[in-house]
Amino acid sequence: MAFQEERGIFRIMKNVKNGLRGILKSFQFALRGLRFCILNERNMRIHIVVLTIVLYFAALFGLTESEWILLVVVSALVLVCEMLNTAIEALVNLGTSSYDNVARVAKDVAAGAVFLTAAMAVVVGCILFIKPDKLYALACLVAERPLLALPFIILLTAGPLFVLFGSRLKKQ
């Protein structure tokens, strides 16, 4: 009886191990897809650079918890739409090797979804950040502590390099 219980425990442990292995593989595939988008899609790199700048600015700006939630959600929607756009483009390219009007529509609509989502994120950003009293307080803070501007300056210089040359980070 003890032997059968022991075998049952080993079987359960093996199933747990296999389940964890499957979950880890799923994460690996997801990260591979994210990496593909970052390395191959210039617009994804643009979104990431802009998001990094916005998040740094938001940290200095002092958003409320609900404002942070809104900012994170709209930012995630932009990145998700860009990734779905990339997936749709890949599927369309897989299905046709020559010009096809239906393929063009699929690609244009997917790109339009990204554009619309990004435009709505800009609107949300304007609502969150166009507050003259808080902007003035932030300007005073940066004037008192100029080193706070350093990450912003680094992002403004390194960001375009990442956008333009990020695809060269791929393994040859």
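Across the whole structure, which is a predicted model, a search for disulfides returns zero. For Cys-81 the reason is distance, because the closest cysteine sulfur, that of Cys-37, lies 12 Å from the sulfur of Cys-81 and is too far for a bond, where a disulfide would need the two sulfur atoms within 2.5 Å. Cys-81 counts as buried, at 18% relative accessibility, whereas Cys-140 counts as partly exposed, at 27%.

| Helix pair | Angle | Axis separation |
|---|---|---|
| H2 and H3 | about 175° | 10 Å |
| H3 and H4 | roughly 170° | within 9 Å |
| H2 and H5 | about 95° | 10 Å |

Helix H2 covers residues 42-61 and helix H3 covers residues 65-95, and their axes pack at an angle of about 175°. Because of that angle, H2 is roughly antiparallel to H3. From the H2 side the contact includes Asn-43, Met-44, His-47, Ile-48 and Leu-51, and among the H3 residues that they and their H2 neighbours in the contact meet are Trp-68, Leu-71, Ser-75 and Val-78. By class, the contact of H2 with H3 comprises twelve nonpolar, three polar and one charged residues.

H3 itself has 31 residues, and the distance from its first C-alpha to its last is 45 Å, close to the 45 Å expected at 1.5 Å a residue. The buried residues of H3 include Glu-67, Leu-71, Val-74, Ser-75, Val-78, Leu-79, Cys-81 and Glu-82. An α-helix has 3.6 residues a turn, so residues three or four places apart point the same way.

Helix H4, residues 101-129, crosses H3 at roughly 170°, and the two axes come within 9 Å. That angle makes H3 roughly antiparallel to H4. The contact of H3 with H4 divides into 19 nonpolar, three polar and four charged residues.

Leu-147 is found in the loop between helix H5 (132-144) and helix H6 (150-165), and Leu-147 is exposed, with a relative accessible area of 68%. Leu-147 and Gly-19 are 128 residues apart in sequence, and their C-alpha atoms are 48 Å apart in space. Arg-42, by contrast, is found in helix H2 and is partly exposed, with a relative accessible area of 48%. The C-alpha atoms of Arg-42 and Ser-167 are separated by 7.7 Å, although these residues are 125 residues apart along the chain.

Notes. Residues numbered from 1 in each chain as written. Predicted model: local features only at pLDDT ≥ 70, side-chain atom pairs only at ≥ 80, totals over all residues. Heavy atoms only, no water. Buried < 20%, exposed > 50% of the residue type's maximum accessible area, 1.4 Å probe, protein only. Axes fitted to C-alpha atoms, helices over the stretch in contact; angles between N-to-C directions. Helix = DSSP H or I, 4+ residues; strand = E, 2+ residues; numbered from the N terminus. Parallel < 35°, antiparallel > 145°, perpendicular 65-115°, else oblique. Contact = heavy atoms within 4.5 Å. Nonpolar A, V, L, I, M, F, W, Y, C, P; charged D, E, K, R; others polar. Expected span 1.5 Å × (residues − 1).
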